[in-house]
Amino acid sequence: NSVMGQYSSLPAVSHGNHRLSTMTNSTTAIQPTGLSLFEQLPMDILWKIIDYIPSSSPHLRLTSHMLRRCVDEYALRKPKDPVVDEVRIYCKSKALFKIWIYLPDSNMKIFQRRLIPVLQHILAYPIDYIPYKDGMIWRLDVGVNYNYLLTYLGQCIGRSKRVTIECDNKSLDFKIWSQQINKVLKGIAFDILHFDAKMFTYEVVGFLLKTIKDHGVRDVTIVPGYNTTCNPTEFLLELSSLVRSLCIVQNEFCASNSRIIYFFCLPTSIDWSSIIPEMFSNKIDTLLLRNCSLPGYISLDEAESLKEKLPKLDKKIWFSAEKCFHKMDYVKNERSQVGDYCAKFINNGLFIAHSSREDERFEVSFS
């Protein structure tokens, strides 16, 4: 635990009835009654002093209630840029879930500063530190009932480039888990969400859509498992009205084990040539259907229909359906131009995009 070693000699922090959520506006002048000259400085000046000597902040917290409030407000200011690269939440046990924080070296000091208000609570948990790229992964096993840590850990993170949630809800009560996940996410701003659930139910779909709305998520990747109760068509249309880009990854296990073959939560007999244009008529302008297991979910006739319909939307769209044809139907490496749009049949798949976006690539990283 060398990453946190610099904190080991600090006195224990007493929280008492202090609540971080009740901090006052940072621009408010500090009342001078009974305060030292240093404490009478405006809050923004005190913050500049902490910026100059950040290592002093833990000790400043111990000198007075006012300076503790000052340091805590300073530590938990909503950052303009992401503090961490990714937050991963794994829900695969009834008693606890795993939180992985991907922290770049360049933001290590910022993140440690933001941990100061909950430092003693963080240090009470075993943390694994694993190097990755130019940074460190902090791995915590957190009990489902540790409400204080769940709430304020999210506030300490502040902003993340991406959030990943993986949930084995075949054996877990998702309603309970969703409440705890929300406590972590409440304090985090993020634009990219990766979501993987073993079963897609009304509760799961409701949680996903609410998370997207509450956080203004821009880009979403989903790995849908077995669909039990949600209406897939309505779900995809609502999802396409909320986000700019969407990637749907075929769950290979479900593809190989389902008695009734479903593709992306939809029966293979679905008319994709109608659903996809309707999705693009909403907010979405980027759609990737990632598939390895079930070819033949789009026919050549449907592909020709999409080539005709999508350019008429007069929108700079990007669409790719991987391995959507049976090999016997596939026309190898055929490219055509439809006005300002290009269409390709490549690698058993279909690609249609505005010419200005033909060279774009959609990156998906699930591990």
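**Figure 1. Confidence along the chain of the predicted model.** The chain has a mean pLDDT of 78, and 76% of its residues reach 70 or more. Over residues 1–30 the pLDDT is below 50, although in the model this stretch has 58 contacts beyond near neighbours in sequence. Where pLDDT is low, the predicted coordinates should not be read in detail.

**Figure 2. Close-up of the aromatic pair formed by phenylalanine 111 and tryptophan 138.** The count of aromatic pairs comes to eleven. In the pair shown here, the ring centres of phenylalanine 111 and tryptophan 138 are 5.0 Å apart and the ring planes stand at 75°, over the 60 degrees required, so the arrangement is edge-to-face. The pair links distant parts of the chain, 27 residues apart, with phenylalanine 111 lying in helix α4 (residues 108–115) and tryptophan 138 in strand β4 (residues 135–143). Phenylalanine 111 is buried, with a relative accessible area of 0%, and tryptophan 138 is likewise buried, with a relative accessible area of 2%.

**Figure 3. Close-up of the aromatic pair formed by phenylalanine 280 and phenylalanine 319.** The centres of these two rings are 6.2 Å apart and their planes are at 90°, so this pair is also edge-to-face. Phenylalanine 280 belongs to helix α11 (residues 272–280) and phenylalanine 319 to strand β12 (residues 318–321), so that distant parts of the chain, 39 residues apart, are linked by the pair. Both phenylalanine 280 and phenylalanine 319 are buried.

**Figure 4. Close-up of an aromatic cluster.** Four residues, Phe195, Phe200, Phe207 and Phe235, form one cluster.

**Figure 5. Close-up of the contact between helix α6 and helix α7.** The axes of helix α6 (residues 147–157) and helix α7 (residues 174–185) come within 6 Å and cross at roughly 40°, and the two helices are therefore oblique to each other. On the α6 side the contact is made by Asn147, Leu150, Thr151 and Gly154, and on the α7 side by Gln180, Lys183 and Val184. By class, this contact has two nonpolar, four polar and one charged residues.

**Figure 6. Close-up of the packing of helix α1 and helix α3.** Helix α1 (residues 43–52) and helix α3 (residues 65–75) pack with their axes 10 Å apart at an angle of about 70°, which makes α1 roughly perpendicular to α3. Met43, Leu46, Trp47, Ile50 and Asp51 of α1 meet Met66, Leu67, Arg69, Cys70, Val71, Glu73 and Tyr74 of α3. By class, the contact of α1 with α3 has nine nonpolar and three charged residues, with no polar ones.

Methods. Residues are numbered from 1 along each chain as its sequence is written. This is a predicted model: local features need pLDDT of at least 70, side-chain atom pairs count only at pLDDT 80 or more; totals for chains, interfaces and linings use all residues. Side-chain values use heavy atoms; hydrogens and water are left out. Rings of Phe, Tyr and Trp (its six-membered ring) pair if their centres lie within 6.5 Å; planes under 30 degrees apart count as stacked, over 60 as edge-to-face and the rest as tilted. Helices (H or I, at least four residues) and strands (E, at least two) are DSSP runs, numbered from the N terminus. Buried means under 20% relative accessible area, exposed over 50%, partly exposed in between (1.4 Å probe, protein chains only). pLDDT is the predictor's confidence in each residue, from 0 to 100. Contact means heavy atoms within 4.5 Å. Axes are lines fitted to C-alpha atoms, for helices over the stretch in contact, and angles run from 0 to 180 degrees between N-to-C directions. Angles under 35 degrees count as roughly parallel, over 145 as roughly antiparallel, 65 to 115 as roughly perpendicular and the rest as oblique. Ala, Val, Leu, Ile, Met, Phe, Trp, Tyr, Cys and Pro count as nonpolar, Asp, Glu, Lys and Arg as charged, and the others, Gly among them, as polar.
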